[in-house]
Amino acid sequence: MTKRIEARFEKCRAEGRAALVTYVMAGDPDPETSLEILKSLPKAGADIVEFGLPFTDPMADGPAIQAAGLRALKVGQDMVKTLDLIRRFRAEDADTPVILMGYFNPIYVYGVDRFLADAQQAGVDGLIVVDLPPEEDDELCLPALDAGLAFIRLATPTTDDHRLPAVLENTAGFVYYVSITGITGAATPDFGRVATAVERIKRHTPLPVVVGFGVKSGQHAAAVAQGADGVVVGSALIDAMRGTLDEQDRATSRTVESVTTLVKELSEGVRSVAKRAAA
């Protein structure tokens, strides 16, 4: 499964640009609209998609993603339905990498072995599970790698050179650098510091380094793309979608378009930054 991730970064390098990674919540605001949005992301310019696992008690997510998860849970989104949405997406798109992002509790309740088998069958390429540190690699990281799924780790501004090797040891696919200290969507990163941090991480690993948390516009995306291999946007997409929902949090005729319009802007921002193409 990680081959799709590797192939996508190779494609972006050949085109001399960073990758655009987009995050949306599974089942938000309802399963069918969620699937429409998921299908629309690559067409609008997303290179990799992250699909959020709804959870009642997120630790790293800001208000936008917290609310998205609660909307999804309210309409009955669960692990079975989330994997089914990915399966339906994969029936039409065999190339775009899909990363499941969330917390360990829903996976633990579902059963790790069952989850890995079903995720692989559905077409998942990798996992970001933010509350499992390297010390807990036996719980999910190592079984995921054995199953052919990338386990993508987060590095943060407080991950120093002493801690970084442990973070990177079993990381696969790419490294996700959290550009701020805090929750998703809470602040705009210092882009100069982000570039310096990416350079430091890349001295420790050959993996691509993507940057997320706080990217809200095409201008932001272009600034991050100067130094990073990829740019992640999530809260801004969810905020754009939320602004189109009716008073009962139901989708309207503008819901999918609100997301694709912003993805197109972000894609233009990323693609405006020329990087050295692969030889």
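**Entry 1: the sheet**

Before I looked at strands, I wrote down that two strands pair if DSSP finds at least two bridges between them. Helices (H or I, at least four residues) and strands (E, at least two) are DSSP runs, numbered from the N terminus. I also noted that this is a predicted model, in which local features need pLDDT of at least 70 and side-chain atom pairs count only at pLDDT 80 or more, while totals for chains, interfaces and linings use all residues. Residues are numbered from 1 along each chain as its sequence is written, and side-chain values use heavy atoms, with hydrogens and water left out.

I started with S8 and S9, which run parallel and are joined by two bridges. I looked for the partner of Val211 and found Val231 in S9. On to S7 (residues 175-178): this strand pairs with S8 in the parallel sense, over four bridges. There Val178 stands opposite Gly212 of S8.

Then I traced the whole sheet. It is open, has nine strands with parallel pairing, and reads S5-S4-S3-S2-S1-S9-S8-S7-S6. Which strands are at the edges? They are S5 (150-151) and S6 (154-155), each of which pairs on one side only. S4 (residues 126-129) runs parallel to S5 and is joined to that strand by two bridges. Leu127 stands opposite Phe151 of S5.

**Entry 2: the sides of S8**

For burial I used these cut-offs: buried means under 20% relative accessible area, exposed over 50%, and partly exposed in between (1.4 Å probe, protein chains only). In S8 (residues 209-212), I found Val209 and Val211 pointing one way and Val210 and Gly212 the other way. All of them are buried.

**Entry 3: helix H11**

Contact here means heavy atoms within 4.5 Å. Axes are lines fitted to C-alpha atoms, for helices over the stretch in contact, and angles run from 0 to 180 degrees between N-to-C directions.

H11 (residues 235-242) lies across S1 (19-25) and S9 (230-233), and runs at about 50° to S1. Which residues of H11 are buried? I listed Ser235, Ala236, Leu237, Ile238 and Met241. What covers the buried residues of H11 includes S1, H2, H3 (63-74), S9 and H12.

I took H3 next. The axes of H3 and H11 come within 9 Å and cross at roughly 60°. That makes H3 oblique to H11, because angles under 35 degrees count as roughly parallel, over 145 as roughly antiparallel, 65 to 115 as roughly perpendicular and the rest as oblique. The crossing of H3 and H11 is left-handed (the near helix is turned anticlockwise from the far one by less than a right angle; clockwise would be right-handed). The contact is made by Ala64, Ile65, Ala68 and Arg71 of H3 with Ser235, Ile238, Asp239, Met241 and Arg242 of H11. By class, this contact has five nonpolar, one polar and three charged residues. For the classes, Ala, Val, Leu, Ile, Met, Phe, Trp, Tyr, Cys and Pro count as nonpolar, Asp, Glu, Lys and Arg as charged, and the others, Gly among them, as polar.

**Entry 4: H2 against H4**

H2 (residues 31-44) and H4 (residues 79-90) pack at an angle of about 40°, with their axes 10 Å apart. That makes H2 oblique to H4. Their crossing is right-handed. I found Pro31, Glu32, Ser34, Leu35, Leu38, Lys39 and Pro42 of H2 in contact with Leu85, Arg88 and Phe89 of H4. The residues of this contact divide into six nonpolar, one polar and three charged.

**Entry 5: backbone checks**

Most residues other than glycine have a negative phi, and most peptide bonds are trans.

The peptide bond from Asp28 to Pro29 is cis, with omega near 0°. Pro29 is in the loop between S1 and H2.

Phe213 is not glycine, yet its phi is positive, near 80°. This residue is in the loop between S8 and H10 (218-225). Is Phe213 buried or exposed? Phe213 is buried, because its relative accessible area is 7%.

Asp249 also has a positive phi, near 60°, and lies in the loop between H11 and H12. At 35% relative accessibility, Asp249 counts as partly exposed.

**Entry 6: Lys264**

Lys264 is in H12 (residues 255-271). I put Lys264 down as partly exposed, because its relative accessibility is 46%. Where sequence and space are concerned, Lys264 and Leu41 are 223 residues apart in sequence and 9.0 Å apart in space, C-alpha to C-alpha.
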